[in-house]
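Here is a short report on a two-chain protein model.

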Amino acid sequence: MNKYIFKRVIGIIPLLFAISLFTFVFINLIPSDPAEVALRLNKTPVITQELLEKTREDLGLNDPYWVRYLNWVTDAMKFDFGVSYVRPSRTVAQEIMTGLPNTLMLSGLSFVLVIVLSLPIGFFCAIYKDSWFDKLMRGFIFITTAMPAYWVGLMLMWIVSIKMALLPTSGNYEGFKSLILPSVTVALTYISTFIRLIRNNMIENMKEDYVLYANVRGLKQRNILLKHILRNSLHTCVVAIGMSIPQLISGTIVVENVFAWPGLGTLCIDSIFNRDYPIIQAYVLLIGVLFIVFNLLFDIIQVMIDPKLRRGME
Amino acid sequence: MVKRLLRHKPAVITLGIILFISLIGILAPVIAPNDPYKVDLINKFASPSFEMPFGGDQLGRCIYSRIIWGIRPTLGLAFITMIGTIGLGLIMGLIAGYFRVCDEIIMRIVDIMLAFPSQVMVFAVVALLGIDVRNVILANVFIKWAWYARMIRTNVMKYKEKNFINYSRVIGNSENFILLKHLLPSIASETAMLASLDIGWAIINISTLSFLGLGVQAPTPEWGAMLNEAKEVFIANPIQIIVPGVAIILVVSLFNLLGDYLRDALDPKEVM
């Protein structure tokens, strides 16, 4: 077991290297000259050629690429991504930390909604397979997979906030009330995937021999469903849901923009329009690392909770 | 393969509807009653009438005509994206799986690509290359090709050692002949199925970028871009968000259905 964990942890090093290299190359491919940007940020009145040369020397831009990469990676590990191009008074880390809590709140509530709704729905779809409920839910899944998230957001805003005047349309000025619509929108795009996952997984489990054996032994149907089938299919689902956490965090980009929710997604899109590259770079690196870490974490959890896989390891 | 597809009625009907919608898009100048770009402030938020079946938008343009003209960029860009993705995936998959040149390196790159958060990568690539339709397509191809490369490689390896291909080689057919006549037709069905599922994905992705203002720009009647314009005025004229949204859902649903039916029709063993 320990050996497996060790092997997996070593295995993510090339991935981390790749994502850091990508983000590093990214900032170096952009057309603007970092030295010039730096001078403009310091409000230097006249930018001369000598001054540019000197700044380049000071910033270490004349060093070979690998030295600059190493410097950048060491800074990034200390969460130092430099200053924002657009608002030089603030560092990138500050900007990210302002948006992060809002985004985490939004994706946290969506996560809860996804689990609370998709687990029971998927469960009932599986045990009452081909009943009216299952058919209705399959129709719902079919429609929601075809719906773009931003459109769902706009429609909810129109129906709930404007027609029924129940909740605020956008921003985060009314506390929890303003969080409801965005998180419902984010949740809706993920719910259908999970209902389908749980439903199909349970139906597959029902065909297994151990269910037949439990039936032969004369166990109560309820016990078979809850203690055997549900438990077994939850193994897979926990892992799939866990791995999708970073996806939920990055999936808020679009919805945040619809609802003007001041989180990382809005920050990212604004930065794309403003060409504020350090912020985009930090955001991509952050989400990339989150992805890799969560994948690793739930891969290991999967092996730990699933005895079949664990035996395969040993 | 085509024969088996034609025997599957629902697949033929779905494909027919999709082709019909594409035809409407191609014939847009004939079918659309009004000029989609013609600004006419008298018709601002005009209610639906015989001349303007869905009424007018904030600049008095005919929404119905814009939807019909919008079929072109919406479907067209999705098709181009998928052709690019499959093309790149096919080349990479064949290089790795058939010719076995730098198989290791290509597969490691594919692994890395698949480990990246695709949604964020699209934004990163668009940010890097600049806001433009061409870059949106490039970004989508960039994040998706790895899926196809891996799948095509696996399939190629599966078929490469099959007896009919060995036989073909023994009787002296050229490698080109084997590749074109034996290998590609064998892997075509699965690729086609995945591609039709992914067209829906591409439509949603491109329209999302256009909605955020990173893709197709304002006056062009792409459905996502129309929704972007509509989001400022939908309180006064809700039909402007309903119609393009329903159009997107309809088309994406059709492609998803087609994908499911293709799987049924082409691969009878596999039941969902």
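## The cavity

The largest cavity has a volume of about 70 Å³. This is a predicted model, and the totals for linings and interfaces use all residues. The count of cavities of 30 Å³ or more is 1.

Chain B supplies the lining of this largest cavity. The residues are B:Asp57, B:Gln58, B:Arg61, B:Ile63, B:Arg66, B:Met226, B:Glu229, B:Ala230, B:Gln240 and B:Pro244. Three elements of chain B each give two or more residues: helix H4 (63-97), helix H10 (223-230) and helix H11 (239-266). H10(B) gives the most, with 3 residues.

How does the lining of the largest cavity divide by class? It has 4 nonpolar, 2 polar and 4 charged residues.

## Chain B as a whole

Chain B has 11 helices and 0 strands. Read from the N terminus, its elements are α-α-α-α-α-α-α-α-α-α-α. Its C-alpha atoms fill a box of roughly 75 × 45 × 35 Å along the principal axes.

## Where the chains meet

The contact draws 37 residues from chain A and 37 residues from chain B. Together the two chains bury about 3,500 Å², with 84% of that area on carbon and sulfur atoms. On the chain A side, the most area is lost by A:Phe142, A:Tyr150 and A:Trp151, together 18% of what that side buries.

Which polar links join chain A and chain B? There are 0 salt bridges between them. Residue pairs in polar contact number 2, with both residues at pLDDT 80 or more.

Several helices of chain A give two or more residues to the side that touches chain B. They are listed here with their residue ranges.

| Helix of chain A | Residues |
|---|---|
| H1 | 2-29 |
| H6 | 132-145 |
| H7 | 149-163 |
| H8 | 176-206 |
| H11 | 245-258 |
| H12 | 264-274 |
| H13 | 277-305 |

By class, this side of chain A has 31 nonpolar, 6 polar and no charged residues.

The two sites can be set side by side. The lining of the largest cavity includes 4 charged residues, whereas the side of chain A that touches chain B has no charged residues.

Note on methods
Residues are numbered from 1 along each chain as its sequence is written. Chains are lettered from A and ligands numbered from 1 in the order in which they are written. This is a predicted model: local features need pLDDT of at least 70, side-chain atom pairs count only at pLDDT 80 or more; totals for chains, interfaces and linings use all residues. Side-chain values use heavy atoms; hydrogens and water are left out. Contact means heavy atoms within 4.5 Å. Buried area is the accessible area (1.4 Å probe) that two parts lose on being put together, summed over both. A salt bridge is a side-chain nitrogen of Lys or Arg within 4 Å of a carboxyl oxygen of Asp or Glu. A polar contact is a pair of N or O atoms within 3.5 Å; within protein, one must be able to donate a hydrogen and the other to accept it, and residues adjacent in sequence count only if both atoms are side-chain atoms. Helices (H or I, at least four residues) and strands (E, at least two) are DSSP runs, numbered from the N terminus. Ala, Val, Leu, Ile, Met, Phe, Trp, Tyr, Cys and Pro count as nonpolar, Asp, Glu, Lys and Arg as charged, and the others, Gly among them, as polar. On a 1 Å grid over the protein atoms alone, a cavity is a set of points where a 1.4 Å probe fits but cannot get out, and a pocket is an open set with protein on both sides within 12 Å along at least five of seven lines; lining residues have an atom within 4 Å of a point. Grid points are joined across faces, edges and corners, and a volume is the space filled by probe spheres set on the points.
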